[in-house]
Amino acid sequence: MTADDLTELTIKEAARLLRLGSISASDLVTAHVERIERLDPHVKAFLRLTPEVWEKQVEESERRIREGNAPPLAGIPLAVKDVLCVRGVETTAGSQILRGFKPPYTGTAVARLFEAGAVMLGVTNCDEFAMGSSTENSGYFPTRNPWDLTRVPGGSSGGSAAAVAAGEAMISLGTDTGGSIRQPAALCGVVGMKPTYGRVSRYGLIAFASSLDQIGPFARSVDDAALVLSLMSGLDPLDATSSDRPGMEVLNNFGAGVKGMRLGVPREYYDVKGIEPGVKAAIDAALFILTRAGAEIVDVSLPHTDYGLAAYYIIAPAECSSNLARFDGVRYGLSEVDAANITDEYLQTRRKGFGTEVRRRVMLGTYALSSGYYDAYYLKAQKVRTLIKRDFDEAFKRCDAIVSATSPTVAFPIGSKTQDPLSMYLCDVLTLGGNLAGLPGISVPCGTSDGLPVGLQVLGPQWGENVVLRVARAYEEASETKAEVASVV
Amino acid sequence: MEIHVQARTRSKMFCGCAIAELNAPPNTHVCEVCLGLPGVLPVPNKAAVEACLKTALALNCEIPRHTKFDRKNYMYPDLPKGYQISQYDLPMSRDGFLEIGDRRVRIRRVHLEEDTGKLIHAGDKLHKAWESYVDLNRAGVPLMEIVSEPDLRSADEARDYAMELQALLRTVGASNADMEKGQMRAEPNISIRRAGSEELGVKTELKNINSFRALHRAITFEVERQRQALESGGKVVQETRGWSESEQRTFPQRSKEFAEDYRYFPEPDIPPLELDRAWIEQLRASLPELPSVTREALKKELPAADAVLIAGSRDLADLYQRTVARGVPPAATANWIVNEVAPTGKIPSPENLAELVRLVLDGAITREQGRSVLMESVETGRTPAEIVAEHGYAQMSDESELRVLAQAVIDANPKATADFRAGRKQAMQALMADLRKRAPHANAKAASELLMKLLA
């Protein structure tokens, strides 16, 4: 087996070879590290590599494989988005303001994957504080799409999506606040899943918008995504918003196929403004395949979709304006200590440490929460949020899951939207409803348009991860389209 | 009046850190959560919620079915997250009252929040400091904020209200409420009005008050300052003023001319709390007798001052009631509790206190002996009878022994003896003093009678 073959494996395949002794955890990790060294100067998915972490974890995995009690992810190479705290590993949320910050603790989701044997290769690039849809807002450098290096990988978890697409990691973790896992998964041609709000503990996730953020996996197969999700789900006493539902329930019945299932196609999503013909064609083909596999396609409506974007861009900035207040230069990260007084220190630290988009959202959110504007903006947005939840409740009375494109467009050229924030915000128009309503959603590859990957989004009812995974897996099987590794150069 | 009270819990409001003692070295009781590091989340402390609910119930407040936490946003170096988790429009309780004497002070709300850290300035005051240090031991300590309606009309009432509240908090076990330790911080809002007018003037808020006495003095000073300002044609500015203990005056701290906008919004990291009715009723039923009730009962059998002191602490009130229930006279029991138990803060069992008071009343041991027996009993848990037996404590009551002693005293003090015989009765004191020095265990009453008989 060549090194490149090793970087195209799924967890299931790798686990079998590891247990048979055909390959070692060290072989697997070395193959990935070599691929990173070869390709990442072009893709730029990683901000930092963590040999100090993987060396120990490889050793541990090999020991446990030898002893015959290998955990489910023993030796599996994992990349972690730069917003998830790992003890002793520089974690910066893609921002200069946290440069040099090494958390003294590891967040719950990452810790659970470590316990399951995953081997961390490094920290992946993202839009600063997860604010963006192209990874161009990174405080370090943009990441490129492995399928076309002149294009963006999507965002904000662009580094994690690109790493898996390029075969630099077998699985990775991202976070999804408005589409930040599903949209880059679509643009990079991999599987990306956002769980129900509360399914995965947010402890250790550097918050962007607390009521919307969820951690989720990237993988090259639905099976792999499901396995990783099941391993990091479940109650965490350190997160009061985490649910006590058993994590393993996400796997319930998920191999049962779509025969007899009703799949809703919301007309507001199907005909969304700005959807590219090639994307629409790929979705039509996917719907046909699902029908052929036995699903019934039903027409549903999400009438408040138009207001979703506006509500999202009030609620998310409002929460972020508060969440980011702690970056003041007093305790950690960048600190402008030459300031004349404490107010100047705050101003200078934040002006220097935060990028344009972060500053824009902090200002938007501060304004929306201000006395005299709260009712007109924040409160109104919360009411819209309730209406959007009701839209989904109504739709799920008529169908088991909702299917649509993940992104209205394929990967766009680097720099093409950076001057127009609103056009960038529109990237999330099909995904952010799932965040506002707290629902589980997945993006699976469904063909290409102009040679670039298109993603099929499946949304399910609250706690319906198993339904979402079941549809996604059935599609993957019926379409015989497995996420491929981009050859890059 | 706004009063912040530290809820009595083992750990902080939103993390597992232990509550630091006042003199703990800086930043030794902190973790990633109360330091506000990136990625952490708050998890509410049930014991703090319980303390808040108990306080609210004792203050006759209404407890809503739903309550939630909110973020109060402002930046200051002692506030690690850039916001304080507090409660805004759905507090844990509202609309109660507290009775002081025959006055009823309405309580607007009791809510729960987290404390901030502490700044230590090297140099002078904040703006002159050349260096400032941050101690976050206190950050995240649970605080209850108790807000009254403007029903307090004088410094006396304000102080009585605060003292009554302290007694109540201690009784229900919600807080130690020690003002000197900063566990209870009173912030009176003061405005005055022209006699006969209903309209209150511009208010000022006072901070840095560390004792009931300071509370009284600060209010008295501030009322007088406002009166003088208005009478001399000036005006009162709405502001926060600090109380200076050393100068015994208030001074301007922060102008409220530009009202701060705290941008309150619901804390998204903590789901709204549903307050289970059965739990509330269980808490209500478990509340001990409140100090006002205890005090009224005690006043029927004790001097008012003793009744106030004993009723002010649930431990003392329990001890009193259970000791008296064993048939010991109330006055003697109260006397021992007020003079010997309260100052030490060490509570004996009612059985042991009852036995001790009886031993002294019966003349088996002297009061002086009784005091050391009590101390030893509290330390070791042994019964007073055992201790008396072991030490051979007993009063010298045998008349023949006392007669020898009395005669020795008379022989040794010819001047005092002569004075007494000449009609100066106070000379007896000198004789008794000598007698006690020679035989501390002598039964004082019997010895004094014997001396008088011998000198007659």
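**Chain A–chain B contact and chain architecture**

The contact between the two chains takes 34 residues from chain A and 25 residues from chain B, residues being in contact if their C-beta atoms, placed from the backbone, lie within 7 Å. This is a predicted model, in which local features need pLDDT of at least 70, side-chain atom pairs count only at pLDDT 80 or more, and totals for chains, interfaces and linings use all residues. Residues are numbered from 1 along each chain as its sequence is written, while chains are lettered from A and ligands numbered from 1 in the order in which they are written.

**Side of chain A that touches chain B**
- Two or more residues each come from α11 (305-323), α12 (342-353) and α13 (356-369) of chain A; helices are DSSP runs of H or I with at least four residues, strands runs of E with at least two, numbered from the N terminus.
- α11(A) gives the most, with three residues.
- By class, this side has 19 nonpolar, nine polar and six charged residues (nonpolar: Ala, Val, Leu, Ile, Met, Phe, Trp, Tyr, Cys and Pro; charged: Asp, Glu, Lys and Arg; polar: the others, Gly among them).

**Chain A overall**
- Chain A has 17 helices and 11 strands.
- Its C-alpha atoms fill a box of roughly 65 × 50 × 45 Å along the principal axes.
- Of its 489 residues, 64% count as buried (20 or more other C-beta atoms within 10 Å of the residue's own, C-beta atoms being placed from the backbone).
- Among contacts in chain A with a separation of 6 or more, 77% join residues 24 or more positions apart.

How values were computed: Buried ≥ 20, exposed ≤ 12 C-beta atoms within 10 Å, placed from the backbone.
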